[in-house]
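Colleague: Hi! Could you walk me through this one while I have it open?
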Amino acid sequence: MHKVIFDTDPGVDDAMALLFLHHHPDIDLIGITTIFGNASIETTTRNALYLKRKWDIAAPVARGLGETLDPTRPHVGWPTSIHGDDGLGNIGVPETVDLSCDPRPAHRFIIDTVRAHPGEVTLVAVGRMTNLALALRDDPGIAALVKNVVIMGGAFDMRGNITPAAEANIHGDPEAADAVMTAPWPVVVVGLDVTEQTVMTRARLAAIVAAGGERAKLLSDISLFYVDFYEQHVEDGMVVHDSCACVYVVAPHLFTLRSGAIRVVCGGIADGQTIQKADDHQFPPSAWDDLPSQNVCTGIDAEAVLDLISQTLASQPVA
Ligand code: BDR
Ligand code: CA
């Protein structure tokens with residue numbers, strides 16, 4: 001059983017990933033921490049509470065940060081054309097949800113939970129890396145106690161999606177992402193190189209709804225706005241970025257990895273670009289030296305990943 005803290009900015013594809021984690025029998029979802037990104041921190045936190053209520057998720061929700069690690073970074077607007085004004089595909093999420101957050105801020109929740117379960121917790125982070133970076137800054141000792149960090153973010157051997165150089169989660173807080181990638185904990189990065197190959201068609205989504213009942217129906221209602229957006233980019237369906245990171249936790253054999261130190265460009269025209277120095281390449285002294293080797297996903301069995309997502313979403317969770 002994998003104990004998972006899900007750090008997320010719900011977010012349409014985040015919602016799908018959350019339902020996957022909730023339903024998968026090998027996952028013990030022990031916390032949801034929120035971060036700004038697809039919408040403001042108020043909205044992403046409200047959305048996490050809304051999904052917790054609608055899907056009967058036991059895990060507590062801890063509210064995270066609403067600004068970048070470096071507070072002087074200029075604010076970039078919310079991606080409402082992708083995730084809707086409410087962050088969940090304009091389904092009409094109520095303004096408030098009758099549930100409370102954990103009293104601790106997200107980074108403190110992460111620190112306390114990792115320390116309570118040394119060597120057992122996997123952090124799955126599918127938004128900006130700000131909460132993780134702050135947890136590391138406040139308590140660097142947690143790096144040695146985390147089992148694994150799985151990130152959705154970055155673009156290594158390809159263009160970005162928010163600039164030609166950068167993927168959105170990393171571009172949203174490059175200093176935080178660089179701190180997370182260079183820390184002495186094991187990181188696996190599931191970036192656009194593999195997520196953009198993983199497209200859930202409308203037909204697949206409809207089949208999940210037919211088999212999965214009310215929870216799947218809500219997920220589908222949330223997703224249709226995002227499917228319409230993605231029609232500009234893919235023939236049919238939606239790219240399931242965040243679910244790919246969750247699948248990695250339970251089915252790593254469906255991915256190909258490359259090992260090497262990772263740095264994130266902070267500033268300039270390539271702000272937020274992720275660059276790996278593969279272990280088998282030699283260079284003169286550089287900013288990648290003496291840093292931990294992390295793993296980047298360079299290949300994916302997309303059909304098998306989509307099958308696993310479909311089966312899991314359509315199933316009922318273990319009580
Ligand atoms: C990432 O950005 C967000 O819009 C998605 O939820 C995903 O985590 C893809 O670049
Ligand atoms: Ca996300």
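This is a predicted model: local features need pLDDT of at least 70, side-chain atom pairs count only at pLDDT 80 or more; totals for chains, interfaces and linings use all residues.

Colleague: Great. Which residues surround ligand 1?
Modeller: The residues around ligand 1 are Asp 13, Asp 14, Asn 38, His 83, Val 126, Met 152, Asn 161, Glu 167, Ala 168, Asn 169, His 241 and Asp 242.

Colleague: How far is the polar side-chain atom of Asp 242 from an oxygen atom of ligand 1?
Modeller: That distance is 2.6 Å for Asp 242. Asn 161 also has a polar side-chain atom 2.9 Å from a ligand 1 oxygen, and for an N or O atom in the side chain of Asp 14 the distance to a ligand oxygen is 2.9 Å.

Colleague: And how much of the accessible area of ligand 1 does the protein cover?
Modeller: On its own ligand 1 has 280 Å², and the protein covers 94% of that. Ligand 1 sits in the largest pocket. Helix H1 (12-23), helix H6 (168-171) and helix H10 (241-250) each give two or more residues to the shell around it.

Colleague: Switching topic: which residues of helix H4 are buried?
Modeller: In H4, residues 106-116, the buried ones are Ala 106, His 107, Phe 109, Ile 110, Ile 111, Thr 113 and Val 114. Their cover includes strands E1, E2, E3 and E4 as well as helix H5.

Colleague: Last one: is Thr 122 buried or exposed?
Modeller: Thr 122, in strand E4, counts as buried because its relative accessible area is 3%, under the 20% cut-off. Beyond its sequence neighbours within four places, Thr 122 is in contact with residues including Lys 3, Val 4, Ile 5 and Val 249.

Methods
Residues are numbered from 1 along each chain as its sequence is written. Chains are lettered from A and ligands numbered from 1 in the order in which they are written. Side-chain values use heavy atoms; hydrogens and water are left out. Buried means under 20% relative accessible area, exposed over 50%, partly exposed in between (1.4 Å probe, protein chains only). Helices (H or I, at least four residues) and strands (E, at least two) are DSSP runs, numbered from the N terminus. Contact means heavy atoms within 4.5 Å. A residue is near a molecule or strand if one of its heavy atoms lies within 4 Å of it. A polar contact is a pair of N or O atoms within 3.5 Å; within protein, one must be able to donate a hydrogen and the other to accept it, and residues adjacent in sequence count only if both atoms are side-chain atoms. Accessible areas come from the Shrake-Rupley method with a 1.4 Å probe; for residues, only the protein chains shown count as cover. On a 1 Å grid over the protein atoms alone, a cavity is a set of points where a 1.4 Å probe fits but cannot get out, and a pocket is an open set with protein on both sides within 12 Å along at least five of seven lines; lining residues have an atom within 4 Å of a point. A molecule sits in a cavity or pocket if more than half of its atoms lie within 2 Å of its grid points.
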